[in-house]
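Visitor: Could you walk me through how to read this model? I'd like to go feature by feature.

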Amino acid sequence: MAGRKVFDFIKITSNYLWQFRADFGALRSRYEGAAASMNALPSSLEPIDWSYYSARVGNPALVEDFKTKYAGVTVPRPGDTQSADITAQENSFKKDVEEYLAGSAE
(Lines give C-alpha, C1' and ligand atoms only; values in the text may rest on other atoms or scores of the structure.)
Protein backbone atom coordinates (compact mmCIF):
# COMPACT_ATOMS: atom_id res chain seq x y z
CA MET A 1 0.00 0.00 0.00
CA ALA A 2 1.57 3.24 -1.11
CA GLY A 3 1.98 5.94 1.47
CA ARG A 4 1.24 3.64 4.38
CA LYS A 5 2.94 4.62 7.61
CA VAL A 6 4.65 1.95 9.68
CA PHE A 7 4.76 2.45 13.43
CA ASP A 8 7.95 1.67 15.32
CA PHE A 9 6.30 0.58 18.56
CA ILE A 10 9.59 -0.11 20.34
CA LYS A 11 10.82 3.42 19.68
CA ILE A 12 7.48 4.89 20.75
CA THR A 13 7.38 2.77 23.93
CA SER A 14 10.88 3.82 24.93
CA ASN A 15 9.60 7.37 25.42
CA TYR A 16 6.88 6.31 27.90
CA LEU A 17 7.16 5.91 31.62
CA TRP A 18 7.02 2.31 32.80
CA GLN A 19 3.55 2.88 34.30
CA PHE A 20 2.05 3.50 30.87
CA ARG A 21 3.81 0.74 28.95
CA ALA A 22 1.20 -1.91 29.83
CA ASP A 23 -1.61 0.32 28.52
CA PHE A 24 0.36 1.03 25.39
CA GLY A 25 1.02 -2.70 24.94
CA ALA A 26 -2.73 -3.32 25.06
CA LEU A 27 -3.26 -0.61 22.46
CA ARG A 28 -0.55 -2.16 20.30
CA SER A 29 -2.22 -5.57 20.54
CA ARG A 30 -5.58 -4.12 19.50
CA TYR A 31 -3.94 -2.27 16.59
CA GLU A 32 -2.08 -5.35 15.36
CA GLY A 33 -5.23 -7.48 15.64
CA ALA A 34 -7.24 -4.96 13.63
CA ALA A 35 -4.44 -4.62 11.05
CA ALA A 36 -4.21 -8.42 10.70
CA SER A 37 -7.98 -8.64 10.20
CA MET A 38 -7.91 -5.94 7.53
CA ASN A 39 -4.93 -7.50 5.74
CA ALA A 40 -6.66 -10.90 5.70
CA LEU A 41 -9.55 -9.53 3.64
CA PRO A 42 -9.39 -9.98 -0.13
CA SER A 43 -8.64 -6.86 -2.13
CA SER A 44 -11.75 -7.36 -4.26
CA LEU A 45 -15.00 -9.29 -4.00
CA GLU A 46 -15.27 -12.73 -5.54
CA PRO A 47 -17.36 -12.64 -8.71
CA ILE A 48 -20.85 -14.11 -8.45
CA ASP A 49 -21.60 -17.07 -10.73
CA TRP A 50 -24.96 -15.86 -12.00
CA SER A 51 -25.38 -18.84 -14.34
CA TYR A 52 -25.31 -21.16 -11.31
CA TYR A 53 -28.23 -19.31 -9.74
CA SER A 54 -30.11 -18.99 -13.04
CA ALA A 55 -29.98 -22.77 -13.46
CA ARG A 56 -31.22 -23.47 -9.92
CA VAL A 57 -33.80 -20.76 -9.31
CA GLY A 58 -37.27 -21.46 -10.71
CA ASN A 59 -37.56 -17.99 -12.23
CA PRO A 60 -34.44 -16.92 -14.18
CA ALA A 61 -35.92 -13.42 -14.61
CA LEU A 62 -35.64 -13.02 -10.85
CA VAL A 63 -31.91 -13.77 -11.05
CA GLU A 64 -31.50 -11.28 -13.89
CA ASP A 65 -33.32 -8.68 -11.80
CA PHE A 66 -30.94 -9.32 -8.88
CA LYS A 67 -27.97 -9.20 -11.27
CA THR A 68 -28.92 -5.78 -12.66
CA LYS A 69 -29.64 -4.40 -9.20
CA TYR A 70 -26.35 -5.79 -7.86
CA ALA A 71 -24.44 -4.22 -10.75
CA GLY A 72 -26.10 -0.88 -9.98
CA VAL A 73 -24.99 -0.78 -6.36
CA THR A 74 -22.14 1.59 -5.62
CA VAL A 75 -20.62 2.14 -2.21
CA PRO A 76 -19.60 5.76 -1.79
CA ARG A 77 -16.09 6.25 -0.50
CA PRO A 78 -15.36 9.40 1.46
CA GLY A 79 -12.88 11.71 -0.19
CA ASP A 80 -9.52 12.44 1.37
CA THR A 81 -9.85 15.97 2.66
CA GLN A 82 -7.22 15.94 5.42
CA SER A 83 -4.00 14.49 3.96
CA ALA A 84 -2.90 17.76 2.39
CA ASP A 85 -3.40 19.65 5.67
CA ILE A 86 -1.60 16.96 7.66
CA THR A 87 1.34 16.97 5.24
CA ALA A 88 1.52 20.77 5.42
CA GLN A 89 1.51 20.67 9.24
CA GLU A 90 4.16 17.94 9.22
CA ASN A 91 6.39 19.94 6.88
CA SER A 92 5.89 23.07 8.97
CA PHE A 93 6.76 21.17 12.14
CA LYS A 94 9.89 19.70 10.54
CA LYS A 95 10.93 23.20 9.46
CA ASP A 96 10.35 24.56 12.97
CA VAL A 97 12.38 21.71 14.49
CA GLU A 98 15.25 22.29 12.06
CA GLU A 99 15.24 26.01 12.87
CA TYR A 100 15.16 25.25 16.60
CA LEU A 101 18.01 22.77 16.32
CA ALA A 102 20.04 25.19 14.21
CA GLY A 103 19.42 27.92 16.81
CA SER A 104 20.38 25.71 19.73
CA ALA A 105 23.63 24.67 18.06
CA GLU A 106 24.86 28.25 18.06
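This is a predicted model: local features need pLDDT of at least 70, side-chain atom pairs count only at pLDDT 80 or more; totals for chains, interfaces and linings use all residues.

Visitor: Which residue forms a salt bridge with Lys69?

Guide: General idea: side chains of opposite charge can pair when their charged atoms come close. The cut-off for a salt bridge is a side-chain nitrogen of Lys or Arg within 4 Å of a carboxyl oxygen of Asp or Glu. In this case the partner is Asp65, with the closest N and O atoms 3.3 Å apart. Asp65 is partly exposed, at 32% relative accessible area.

Visitor: How many salt bridges does a search of the whole structure find?

Guide: Three. One of them joins Glu32 to Arg28, the closest N and O atoms being 3.0 Å apart. Both sit in helix α2 (residues 18-40), four residues apart, or about one turn. Glu32 is partly exposed at 36%, and Arg28 is partly exposed too, at 32%. Lys94 also bridges to Glu90, at 3.7 Å between the closest N and O atoms; these residues are four apart in helix α5, about one helical turn.

Visitor: What about the fold: how many helices and strands are there?

Guide: Helices (H or I, at least four residues) and strands (E, at least two) are DSSP runs, numbered from the N terminus. Here you get five helices and zero strands. The radius of gyration is 25 Å, well over the 13 Å that the globule rule gives for 106 residues, so the protein is more spread out than a compact globule. That radius is taken over C-alpha atoms, and the rule is 2.2 Å times the number of residues to the power 0.38. The C-alpha trace spans about 85 × 35 × 20 Å along its principal axes.

Visitor: What share of the residues is buried?

Guide: Buried residues make up 6% of the 106.

Methods:
Residues are numbered from 1 along each chain as its sequence is written. Side-chain values use heavy atoms; hydrogens and water are left out. Buried means under 20% relative accessible area, exposed over 50%, partly exposed in between (1.4 Å probe, protein chains only).
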